[in-house]
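Hello,

Please find the structure below.

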Amino acid sequence: SPGKAAVVVAIYVGAHQLESNVIQPLVVARTVELHPAVVAIGVVAVDQLLGVVGLVIAVPILATIKILIEELWIKPLEGRTGMPSGDLMTDGSLAAGAAHVSVPPDR
């Protein structure tokens, strides 16, 4: 019947949207250690730049960019400041004990 067909189509479309927009970015992000939002936005950006082929190679391109940034920018910055590797947190702040930090007295 048309009603049952519409329910099947709605369930199929909903499941496909959930998998492609939520589950897949989370799994890929965990695998390549990128934030899910970076994966989702990166896939859209690479799709706009390279078209359908970009959809296939978007995550490897993002992972390559991440590695290049770490090797060519972050590690040289760590070496220049004299910090041992790992003292720079992922958000750009310094880990505890990594540098002299002045803390204002309690009021």
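Is Glu33 buried or exposed? Glu33 is exposed, because its relative accessible area is 62%. Here buried means under 20% relative accessible area, exposed means over 50%, and partly exposed lies in between (1.4 Å probe, protein chains only).

Before the rest, two notes on the source. This is a predicted model, in which local features need pLDDT of at least 70 and side-chain atom pairs count only at pLDDT 80 or more, while totals for chains, interfaces and linings use all residues. Residues are numbered from 1 along each chain as its sequence is written, and side-chain values use heavy atoms, with hydrogens and water left out.

Overall layout

The protein has three helices and zero strands, so the order from the N terminus is α-α-α. Helices (H or I, at least four residues) and strands (E, at least two) are DSSP runs, numbered from the N terminus. Of the 107 residues in the protein, 14% are buried. The protein exposes about 8500 Å², and 68% of that is supplied by carbon and sulfur atoms. These areas come from the Shrake-Rupley method with a 1.4 Å probe; for residues, only the protein chains shown count as cover. A contact means heavy atoms within 4.5 Å. Among contacts with a separation of 6 or more, 21% are between residues 24 or more positions apart.

Helix 1 and what follows it

Helix 1 covers residues 2-32, which is 31 residues. From its first C-alpha to its last it reaches 43 Å, close to the 45 Å expected at 1.5 Å a residue. The expected span is 1.5 Å times one less than the number of residues. Helix 1 has a kink of about 35 degrees, centred on Glu19. The bend at a residue is the angle between axes fitted to the seven residues ending there and the seven starting there.

The buried residues of helix 1 are Pro25, Val28 and Ala29, and they pack against helix 2 and helix 3. Val32 also belongs to helix 1; it is partly exposed, with a relative accessible area of 23%. Leaving out residues up to four places away in sequence, Val32 touches Val59, Ala63 and Lys66. Val32 and Ala63 are 31 residues apart in sequence, but their C-alpha atoms are 6.5 Å apart in space.

Glu33 comes after helix 1 and lies in the loop between helix 1 and helix 2. Glu33 has a positive phi of about 55 degrees although it is not a glycine.

Helix 3

How far apart are the end C-alpha atoms of helix 3? They are 43 Å apart, which agrees with the 44 Å that its 30 residues should span at 1.5 Å a residue. Helix 3 has a kink of about 55 degrees at Ala58, shortly before the proline Pro60. Its buried residues are Gly54, Ala58, Val59, Leu62, Ala63 and Glu78. These pack against helix 1 and helix 2.

Salt bridges

How many salt bridges does a search of the whole structure find? The search finds three. A salt bridge is a side-chain nitrogen of Lys or Arg within 4 Å of a carboxyl oxygen of Asp or Glu.

- Lys66 and Glu33: the closest N and O atoms are 3.9 Å apart. This pair links distant parts of the chain, since Lys66 is in helix 3 and Glu33 is in the loop between helix 1 and helix 2, 33 residues apart.
- Lys66 and Glu70: the closest N and O atoms are 3.8 Å apart. Both residues lie in helix 3, four residues apart, about one turn of the helix.
- Lys75 and Glu71: the closest N and O atoms are 2.9 Å apart. This pair also lies in helix 3, four residues apart.

Glu33, Lys66 and Glu70 are linked in a network of salt bridges. Lys66 counts as partly exposed because its relative accessibility is 21%. Glu70 is partly exposed as well, at 32%.

A nonpolar patch

Leu49, Leu50, Val52, Val53, Leu55, Val56 and Ile57 make a nonpolar surface patch of about 720 Å². Patches are made of residues with over 30% relative accessible area and no salt bridge: like charges are joined within 9 Å, and nonpolar side chains (Val, Leu, Ile, Met, Phe, Trp, Tyr) within 5 Å. Helix 2 (36-50) and helix 3 (52-81) each supply at least two residues of the patch. Helix 3 gives the largest share, five residues.

Regards
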